[in-house]
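Reader: I have the sequence and the model open. Can you walk me through some of the local details?

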Amino acid sequence: MAGDPTAPRANVHTFCGEASSRDDNASLPRCQVEGTEDEMAHVKTLLCLANSWKHGGTCVAGLEVTDRGVGDWVRPVSSRPGHGVNSDEQTLPDGSVPGVLDVITVGFLEPAPADFQTENWVLDPTHRWERVGRWSYAAAADIVDRPAALWSNDGSSSVGTHDRVRAEDLPRFDSSIVLVHVDDPAVVVSNNPWNGRSEVRLWFKYRGVEHELKITDPEYHATYLREGLGRYPLNPQAIVTVSLAEPWTPPGGGEAYSYKVVAAIIEPEA
C-alpha cells in the first residue's frame, strides 16, 4: 500500500543498484520510481518531511512513496514569486494542513528544477491535497540520508555555525534537502546582536562538524521562542530535515549566500 513504512527506502536502492551512492556529498540520487505516465506527471504520494515557513508562504517537501518503496525528494512550489505554498493550496478536506510524517497526495503540473534545487515541482492549484496515511518516527529513521557533509562546511554567518554556502559554490550541488541523524541536538534561543530580536536555532553535530542553523519548523520555533533565552537539549535520537534555501544577497549589495535551515525536527514518540 502506498505510504506503507514497511517498504523501506533501502529496498528501492537495492533494486535500482544504487545502494553505494547514498554517501555521495554532492548529490543524493534515488531510483526513478516506476508508474504510469499519468501517475508520474500529475499526482504523487509524498511522505511529508517539512512544512515550514518561508517568505511568501510555506515550504513543503517530502519523499515520494509508491508500492515499491520510497523514491526521490519532491518540493511542491507555486508559480508565484518566492514559490511558496499558501494555506488554501495545501488545506486538506478536514480543514487541516499536512503535518510532518503525514502521507499526502499532491497534484503537479510539471517539474521545475532550479539550479541546485532539483526537487521542485509546480503544484496544480486545482487539485485538492489529501491525507492517506501516516508514518512513525521509527519508520522515518530507517530512511535517513547519509551525505558526507551538509553541502559545504566552508561558510558561517555572524550568528550561525556552518550555516551558509556561497552562491558561487552552488553549481557543485544538485540537491537542496536531506533528512539526517544528528548528534547532541539542542535548541538555542538567543538575541540577534544586529537587530535585537530573539532567534531560534538548532545546534548539533553532523559527522563531527558543529552546526547552528535557523529553525523554520513552525512548531519547534514557536514552542522554544515561548521558553525564552536558553539552551534546550533534545532527544539524542532526533532526526532533522535540513534545506538549502535560494541564494540571498544583502540589501545594498555584497556576496550572495544560500542559507541552511532546519525545516523539521522529528523526535521519537513519547
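Author: One term to begin with: buried means under 20% relative accessible area, exposed over 50%, and partly exposed in between, using a 1.4 Å probe and protein chains only. This is a predicted model, in which local features need pLDDT of at least 70, side-chain atom pairs count only at pLDDT 80 or more, and totals for chains, interfaces and linings use all residues. Residues are numbered from 1 along each chain as its sequence is written, and side-chain values use heavy atoms, with hydrogens and water left out.

Reader: Fine. How many aromatic pairs are there?

Author: Five. Rings of Phe, Tyr and Trp (its six-membered ring) pair if their centres lie within 6.5 Å; planes under 30 degrees apart count as stacked, over 60 as edge-to-face and the rest as tilted. One of the pairs is F108 with W121, edge-to-face, at 5.7 Å centre to centre and 65 degrees between the planes.

Reader: Where do F108 and W121 sit in the chain?

Author: F108 is in strand β4 and W121 in strand β5, 13 residues apart. Strands (E, at least two residues) and helices (H or I, at least four) are DSSP runs, numbered from the N terminus.

Reader: Are F108 and W121 buried or exposed?

Author: Both are buried. W121 also has the charged end of K44 over its ring, 4.3 Å from the centre. That label requires NZ of Lys or CZ of Arg within 6 Å of the ring centre and within 35 degrees of the ring normal.

Reader: What is the bridge partner of K44 in β4?

Author: V106. β1 (residues 43–54) and β4 (residues 102–111) pair in the antiparallel sense over five bridges; strands pair if DSSP finds at least two bridges between them. β1 also pairs with β2 (residues 57–66), again antiparallel, over eight bridges.

Reader: How many residues of β1 are buried?

Author: Nine of its 12.

Reader: Switching topic. What is S157 in contact with?

Author: Leaving aside neighbours within four places in sequence, S157 is in contact (heavy atoms within 4.5 Å) with D163, R164 and Y259. S157 lies in the loop between α4 and β7, and counts as buried because its relative accessible area is 13%.

Reader: And R164, which ring does its charged end sit over?

Author: The ring of Y257, 3.7 Å from its centre.

Reader: Last one. Why does W151 count as buried?

Author: Because its relative accessibility is 3%. W151 also has a positive phi, near 65 degrees, in a residue other than glycine.
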